[in-house]
Amino acid sequence: MDSAVIAAIISVLGAGFLAMLFFFMRGIRADLADVRAEIRALRAEMQAEFAAVRAEMRDMRADIATLQQTAARHEGVLGQQGRPLGTATA
């Protein structure tokens, strides 16, 4: 085979290989951009969920504090009512 023909075949194959490489690299770049966008969306969703959990925990703490105050008040009332009964039976 003539060296010019061999050089032309190698050039065409090389150009085809480079075109395929460029095509795949563009696809990989697009996929990476999609992954980054998904990660950002996931991060935002997680932050919103954490904020909701924090708000629920604050509400629970307030409810627990209210229940503790109510229990202490009931214990005080029961303690006051229990003393006269205890003294009356003694």
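Predicted model: local features only at pLDDT ≥ 70, side-chain atom pairs only at ≥ 80, totals over all residues.
**Exercise 1.** Work out how the rings of F23 and F24 are arranged.

*Solution.* Let's start with what we need: a pair of aromatic rings is described by the distance of the centres and the angle of the planes. Ring centres have to lie within 6.5 Å to pair. By this rule, the count comes to one aromatic pair. The centres of the F23 and F24 rings are 5.7 Å apart and their planes sit at 65°, so this pair is edge-to-face.

**Exercise 2.** Decide whether F23, R61 and I6 are buried, partly exposed or exposed.

*Solution.* Keep two cut-offs in mind: under 20% relative accessible area is buried, and over 50% is exposed. F23 comes in at 60%, so F23 is exposed. R61 has 55%, so R61 counts as exposed too. I6 has 38%, so I6 is partly exposed.

**Exercise 3.** Find the surface patches that I6 and E49 belong to.

*Solution.* Take I6 to begin with: I6 lies in helix α1, which covers residues 3-89. Now for E49, which is placed in helix α1. E49 gathers with E45, E56, D59 and D63 in a surface patch of negative charge.

**Exercise 4.** Say how far R61 is from G14, in sequence and in space.

*Solution.* R61 has its place in helix α1. Along the sequence, R61 and G14 are 47 residues apart. In space, C-alpha to C-alpha, R61 and G14 are 69 Å apart.

Note on methods
Residues numbered from 1 in each chain as written. Heavy atoms only, no water. Patch = residues over 30% accessible without salt bridge, like charges linked within 9 Å, V, L, I, M, F, W, Y side chains within 5 Å. Areas by Shrake-Rupley, 256 points an atom, 1.4 Å probe, with all protein chains shown as cover. Salt bridge = Lys/Arg side-chain N within 4 Å of Asp/Glu carboxyl O. Helix = DSSP H or I, 4+ residues; strand = E, 2+ residues; numbered from the N terminus. Buried < 20%, exposed > 50% of the residue type's maximum accessible area, 1.4 Å probe, protein only. Phe/Tyr/Trp six-rings, centres within 6.5 Å; stacked < 30°, edge-to-face > 60°. Lys, Arg positive; Asp, Glu negative; His and termini not counted. Charge placed at Lys NZ, Arg CZ, Asp CG, Glu CD.
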